Amino acid sequence: MRDKDVRIGVYICHCGTNIAGIVDVEEVARYASSIPGVVVARHYTFMCSETGQNMIKDDIKNLKLNGVVVAACSPALHEVTFKNAVKEAGLNPYLFEMVNIREHCSWTHTDRRLATEKAKDLVRMAIAKVKELEPLEEVKAEVVNSVLVVGSGVAGLSAALTLARAGLTVYIIDKRPVLGGFVTRLVNIAPIGIRGREFVKPMIDELVEMPNVKVLTNAEVISVEGGVGNFKVRIRQRPTYISDLCTLCGYCEKACPIEVPNEYEGKLTMRKAIYLPFKEAYPPKYVIDENACTKCGKCIDACPVKAIDLSVKERYIDLNVGAIIIAVGHEPYEPDKGEFGYGLTRRVITSLQLERLLDEEGPTGGRFIIDGKVPKTIVFISCVGSLIGNKTTNACSRRCCSTITYDTLKILSKNPDSHIYILYRDIRTYGFEEELYWKALENGVVFVKFEEPPKVEVMGDKIMVYVREATINKNIVIPADLVVLFVGMTPSNAGEIVRIFKLSRTADGFIREAHLKLRPAETPTEGIFLAGAAAGPKGVMESVIHGAAAASKALALLLNKKYILREPLVAKVDEELCSGCLICVGMCPFNAISVKYVGERRVATVNPLLCMGCGTCAAACPSGAMEHNGFKDKQILAQVRAFAGVVV
Amino acid sequence: MSPKVRVALYWLASCGGCEESQVDAISDKIDIISNLEIVFWPVAMDFKKEDVEKLPDESIDVAVINGGVRLKEHVEMVKLLRRKSKIVIAYGSCASWGGIPGLANLYDINEVLSRVYSEVPTLQEKGVMPRPKSVTNEGMEIELTEVLPMLLPLDAVIDVDYYIPGCPPTPETFLKALETLLSGNLPPRKSVIGASTRALCEECPLNKTKPDKVLIKEIRRIYNTKIDPSKCLLVQGIPCLGPVTRGGCNAKCPRVGSPCIGCYGPLDKHIDYGAKAISFIASILDLNDENEIKKALDNGIPDPAGLVHKFTLPASRLKVNLKRGEHK
């Protein structure tokens, strides 16, 4: 655009005193109005308010603006607000540029004069860019009204139920042979004390009865293509070998010669290679542990209904879904051998093994005994693998403190003369669970605060626990009969998941949410949502809520929609300049670039529905044929020139 | 019969390759030659500076100048030719962006002179430096022009109307450029003529052998690599500059298994040719480990400026002379 044709409006927001307290907004507006091409420059208390937006709309109509600059807060907060205002007034919203003079200026500086100068620089640069902007049209994407939920723990179940009740087609898959996830290993879900398997059963029962729900167990996502509204997902389902004819008679299990530790009983007991994970398991049939099974065929002979076929091969299933919810959960921390005495004696156990010992249906029938004896002195060590231990995530696992206090009360109800010590760094029984802490105190549980992690030494029958009590600052030695390590949550297979779905991880290794506070349950990739402990440690209640949150965001995206509009801020090829060198094709993390022919010539082409606007291809393109809408060289260089006054 | 086109041909810091390509192109094109009236061509015919000075301003239709501006004399001559000519053409890589002699700009001029006149091992008499004034054995006083501190592309000194790229431009490129000029339908000023508007890959026969994704784990050098001349060199790890270099040469080098070294220079959209070149090489280098990347670059690109700015350094963003050692 030539200067004389440019008609730009510039709006400086006070943000109350957030900006105006440091930046001289009047001065910035005065300065902006002196720049060629600017026909109006105003400042106002809250540009995002109705009045502020109307200012822009009126000016667009009355002054025939063809470019708008708003200098206010972060675009993450109000870019959409202003874009919509510009659009409503009849101007293409991509002729609008937002400048962040709050986070990038007033909040980071204290010197009024310098902050004002910086705001002027930023505004001048935006004006220069707007002069080079081009109107863009949004990209229409067709929507598939179905959702894939990856993981069937409480978060996945909660998400799937919410979506299925709203009438969407839901695919729920789990890499394990049964639904329910981690919670099925718990017996005491604090503070209500419900068994995990009973907790998920009604959810699973409702879900699997729904005609619009498809369940795949033993299944994992191996690749994802496409984008919001229309993902193409390839799933690999490992064989289950046992058909729905299974009557749970159990003859196969008796015939099976292979025994391995039973992970569903905290490895406290053994199970066969063909086994029923637990009696409430869904699908209600025996499963075969592929790693343990030798395919000897004895189970086939034993099965009275001919439900077993060991020749079944893995299969691949291609799904087309509009959104994806990742609810792959966590893995409990597994202490190293010797870490706090773990693995050196059967009397140092993890919190998960404790759960099984307290379960009426567990290996001891709910009697709290170890090696046939009732442990009298019991020491709990909290935060193992989360805040203390060989490998820590530095993330509080949230559910442990309430579970510890609940478990001690349960033990005391079974064996009232137990001596129980809880060694802790912080007790975080928040909300309603605070009551459990006081109950434990009242019932004689001794809380020992440490700063240095305790040391555990196995001495014959006794386990000596050494700890320096931090409030009285004295060393204490506790000869214990049983030590329970409360283990934290670690990311479950997150590396593989982020690779397949092209997401990123937090420093702790969990899958990163788009924004902890503003965009929970979302990922930066449109149409892919996160639920439960996959995004960081959560309690059961929180996971249920998080699952429902992810589902409602997916619903908002897909429900009753035939297509969605996507921002056209994507890469675009100038076919006239493209030499077909293919450098860009290998750069694209989203497989959005392919090759097409213009007559005889081979050129690159970008699918705007698959492009996520990362810009990698534009940076790599050796000839400058690939450019990024809204971030073209001429637009960025205009900003650089406006800033530095240099000829680039 | 229309009047002949009055042409001046001149060379600056040049190797003579450009003249060869010009002669090569038109020696058998009688129809073209008969249309030209050469008014100045010191490399082949006996003209002097005074002959040009005597001509009226803008009386030459086209001045075709090759070589980079290295001497004070060059500055005087090109300013003179500019004044006398309607159209000035930068012919070849040196005139366009400095060319290979432009790599001397990486060093201070005194270091360059010392290298050339004292250190080169094949010198018979070391340390004889050029002086502005000297007396010959016969007692004749002669004057030499001064060397400039940096080698400059032609357009750093005078306005250039068109560019014909290449080291040297192929005869076909020159003929195509002449065709454009003689057609009377002149492209916008500052255009590159006679060559392609797209990168070399388009015209390279090896381009169709590329796999879908061009990613390399190693950067190889031609002196110790067995090259398969039937496959894209880039895919074989050779840093061929085809994707970043203007086409128009008909892929003469890659066609015979030798990588493009970039003599047709930048495309219209480039801001800095070398930056684009190194950026695309970095992009396709499919390594993530810092040490592996360092190893690949140390082994594969020992001389980055020599690779990506072999013909374009004086026209790049890197304009500063560096003292020897500083560029490491």
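Predicted model: local features only at pLDDT ≥ 70, side-chain atom pairs only at ≥ 80, totals over all residues.
**Figure 1**
Start with the big picture of chain A. Along its principal axes, the C-alpha trace spans about 90 × 70 × 40 Å.

**Figure 1. Where chain A touches chain B.**
How many residues does each chain bring to this contact? Chain A brings 17 and chain B brings 26. On the chain A side, the elements giving two or more residues are α15 (583–587) and α16 (616–620). α15(A) gives the most, with four residues. Sort the chain A side by class and you get 10 nonpolar, five polar and two charged residues.

**Figure 2. An open sheet of three strands in chain A.**
Trace the strands across this sheet and the order reads β9-β10-β15, with antiparallel pairing. Which strands sit at the edges? They are β9 (219–227) and β15 (315–321) of chain A, each pairing on one side only. Neighbouring strands here are turned by 20° against each other on average, ignoring direction. Zoom in on β10 (residues 230–237) of chain A, which is joined to β15(A) by seven bridges, the two running antiparallel. If you'd like a landmark, look for A:R236, which stands opposite A:Y316 in β15(A).

**Figure 3. Helices α2 and α3 of chain A cross each other.**
Here α2 (residues 50–62) and α3 (residues 75–88) of chain A have axes that come within 9 Å and cross at roughly 35°. The crossing of α2(A) past α3(A) is right-handed. Which residues make the contact? From α2(A) you have A:Q53, A:I56, A:K57 and A:I60, and from α3(A) there are A:A85, A:V86 and A:E88. By class, that gives four nonpolar, one polar and two charged residues.

**Figure 4. Two domains of chain B in contact.**
Over to chain B, where the domain assignment gives domain 1 (5–100 + 150–192), domain 2 (108–148) and domain 3 (200–315). This view is about domain 1 and domain 2 of chain B, whose centres, taken over C-alpha atoms, are separated by 29 Å. Seven residues of domain 1 of chain B are in contact with four residues of domain 2 of chain B. On the domain 1 side, β4 (69–71), α4 (72–84) and β8 (147–152) of chain B each supply at least two residues. β4(B) has the largest share, with three residues. The domain 1 side has four nonpolar and three charged residues, but no polar ones.

**Figure 5. Two cis peptide bonds, one in chain A and one in chain B.**
In general, most peptide bonds are trans, and most residues other than glycine have a negative phi. In chain A, a cis bond joins A:Y282 and A:P283, with omega about 0°. Look for A:P283 in the loop between β13 (274–275) and β14 (287–288) of chain A. In chain B, the cis bond joins B:C167 and B:P168, and omega is about -10°. B:P168 lies in the loop between β9 (162–164) and α7 (171–182) of chain B.

**Figure 6. Positive phi values at A:N473 and A:N591.**
A:N473 is a residue other than glycine, yet its phi is positive, near 55°. Find A:N473 in the loop between β23 (462–469) and β24 (474–480) of chain A. Is A:N473 buried or exposed? A:N473 counts as exposed, because it has 8 C-beta neighbours inside 10 Å and the cut-off for exposed is 12 or fewer. A:N591 also has a positive phi, near 50°. A:N591 is found in the loop between α15 and β30 (593–598) of chain A. With 15 other C-beta atoms within 10 Å, A:N591 is partly exposed.

Conventions: Residues numbered from 1 in each chain as written. Chains lettered and ligands numbered in written order. Nonpolar A, V, L, I, M, F, W, Y, C, P; charged D, E, K, R; others polar. Pairing = 2+ DSSP bridges. Axes fitted to C-alpha atoms, helices over the stretch in contact; angles between N-to-C directions. Left-handed = near helix turned anticlockwise from the far one by under 90°. Domains from an automatic or database assignment. Buried ≥ 20, exposed ≤ 12 C-beta atoms within 10 Å, placed from the backbone.
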